[in-house]
Amino acid sequence: MTQQQQNNPPPPDWNAEVRWTLGEDRSFACPVCRTTAKQAFHLSLEVWPGRYWDLFRCRSCASLSFPDGCAGDYEAEWVSPSFQAFRERRYIEVGAALDVILQPLYRVAHTAVGRYLEVGAGYGFSVDFARAQLGWDAYGIDPAPEAKRGAEALGWRLLPEYLGPDLELPGGCVDLVLASEVIEHLADPHRFLEDIKLAVASNGVLIITTPDADAVTPDAAHPDLTGLLAPGWHLVLFNQDSLTDLLAEHGFEHREVHRDGQSLIAVASMTKQDQPPAGGLDRHAYQAYLDRRRVDLKDHASLSVSLNYRLYKDLVNQGRFDEAGTILVDLNDAFNRHFSIGFDVPDSVEPAYPSPTDNAALSRLSPMNLPGAAYFRGIHAFLGERDNAAALAYYRLAVRGFVQLHRLFDSTALPDAEAGQLLERLGHNIAMVCSPGDASEVFNALTAVEGCNRNLEAAQRQALEVLLNRGMLDAADLLLERFRSDLHAGRYADLKRYHRKVQTFVAAVNGGDMKAASGAVDELRSDAVTLDLANGFAWVLLQYHAAILASLQGSPDPALFRQSAAAAAELAGRLRDGGISADWAEDYYAAAVFQELKAGGQDGEHHATGTLANRIQEAKALMGEQVAAKLQQKMKVSKM
Ligand SMILES: [Zn+2]
């Protein structure tokens, strides 16, 4: 980082106020294109309680800058050592988005890189990845204390300096320089690029990531805005064109600037390049890195739980439950060894997130990824182990943890993006696994969402859909009573009524009340079409029981069961695509095919609808081995 004039900026305040009310335009030279015309007032940002910096948009290049801002002092510790230690744990355990941090390294062909430098390396996960996983000769530059701690913990090579013309680089120029989220911190981007050019070999590549100025709009969400503006720290924001032009002005023959969410990623070199790779993270390499480092660093409490957690979560997300189970053993062990947490007995775990005002509090602090680990452990239990009771216990632990964690982040004015998002999903996840008797667990999860000011309505709708689809209508009613009353009206009222009618119909068929059942079929069919429900749970129930009804009335129709099987197969496919258990739909599929064969004569005399052998073949192709085996078993049992 270039040494700049320093003053005393505050530590970033994530609750800082943003005022969009009209301010005065002002004349000053644009730090990017150097135009001296009047700059347009864009917004006013509270960088210190009661103290505001005005942000201006250049009328020529549309870059944004704070002319009153000064670069921060990156060597200073802004907070007490205990709070600093807390912040570091937060970064390692939940804050660092490793897959996002590592992604820029996949914007270059790895065969061309031997030596790598990261400017503003921070804690240094990307230097560590470059070294440990990619085998590059890698080091980082950063004067900040957190870089020193990261280099020590992870064991990478650090130059604790600012980048500048006088800085001697060990071994000379490198093949790849990464400056991630650095250039926006500097008042003079021109000087920064001249300094950085000295570090890049003549055929080397520079990668810059920085917030996108075009994302700073009044309709951006407040947490996103504070991330883009980092009150007191960011000084200049570029857009795609202004960053491209800046790179051209400094002699970068090859330059491409991509927009990626609210960020820009620039790839530049002094010589013409072949089209570089598109830049997706290599998931396999990422997991191999986590797998290697979680073993190397098993004695470091925070890193040990974090690296195990990240790998576990990735494997669960990919549905690789056997491998996840292996990592889980070590995750349990790390929780137990470093934090005395018995993660394998979720009901016994009490997450503790006291305010980090002193060292004593810090020693009691649970790992901040504990609720996330419980969340993914619940998914693992539900989908991988088919153990709903275990899933529910882990989801309950996740709710308890997220509520406390939210309170902690809120009191320290730090964002809790992932915690909030996962918390919003828990009502839905719990509704998937709970029995009608413990539907109150769904309410607890939604109460937590409400208490943490997250999106209650979205969470409630998701949970409600599941309860309706599972036929837990009483729980759905209670849910509507307890929370937002406006969901009573409209579609949800219609859905509820419809599900009730289908349940009554199914009960009539099962109870042999032919008269009531036959009277209802046509109306239910046409209602399903009107309500756009001819593809869900209720539809599968209706189709199957309508076919059963015909059989009971003495006219078994294989075609009706065939339709019913097709509906169940379609639903199962959609559930599996959504990462949801399709057990229920698979069972209906097997039952419908079984009934179809029975209705047609299972020895194959009913050639129009096919024989047992080709139904089994079809089940294999459509539903997988397990369902086919289930069907075969059913046929065997029925023959005996
Ligand atoms: Zn400009």
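These legends walk through several close-up views of a predicted model. Local features are shown at pLDDT of at least 70 and side-chain atom pairs at pLDDT 80 or more, while totals for chains, interfaces and linings use all residues. Numbering starts from 1 along each chain as its sequence is written, and side-chain values use heavy atoms, with hydrogens and water left out.

**View A. An open sheet of seven strands.** The order is β8-β7-β6-β9-β10-β13-β12, with mixed pairing. Strands here are DSSP runs of E, at least two residues, and helices are runs of H or I, at least four, numbered from the N terminus; two strands pair if DSSP finds at least two bridges between them. β8 (157-159) and β12 (254-260) each have a single partner strand, so one side of each has no neighbour in the sheet. On average, neighbouring strands are turned by 20° against each other, direction ignored.

View B. β12 pairs with β13 (residues 263-269) in the antiparallel sense, over seven bridges. One to look for: His254 has Ser269 in β13 as its bridge partner. Helix α7 (residues 240-249) lies across β10 (200-211), β12 and β13, and runs at about 160° to β12. Axes are lines fitted to C-alpha atoms, for helices over the stretch in contact, and angles run from 0 to 180 degrees between N-to-C directions.

View C. Gln287 counts as buried because its relative accessibility is 7%; buried means under 20% relative accessible area, exposed over 50%, partly exposed in between (1.4 Å probe, protein chains only). Leaving aside neighbours within four places in sequence, Gln287 is in contact with Leu311, Asp314, Leu315, Gln318 and Arg320; contact means heavy atoms within 4.5 Å.

**View D. Two aromatic pairs.** The structure holds 17 aromatic pairs. Rings of Phe, Tyr and Trp (its six-membered ring) pair if their centres lie within 6.5 Å; planes under 30 degrees apart are stacked, over 60 edge-to-face, the rest tilted. Tyr123 and Phe125 make a tilted pair, 5.5 Å centre to centre with 35° between the planes. Tyr544 and Phe561 are edge-to-face, at 6.1 Å and 65°. Tyr544 is in helix α20 (residues 537-552) and Phe561 in helix α21 (residues 558-577), so this pair ties together parts 17 residues apart in sequence.

**View E. Arginines over rings.** Arg19 lies over the face of Tyr52, 4.0 Å from the ring centre. A charge sits over a ring if NZ of Lys or CZ of Arg is within 6 Å of the ring centre and within 35 degrees of the ring normal. The charged end of Arg90 sits over Phe409, 5.1 Å from the centre of its ring.
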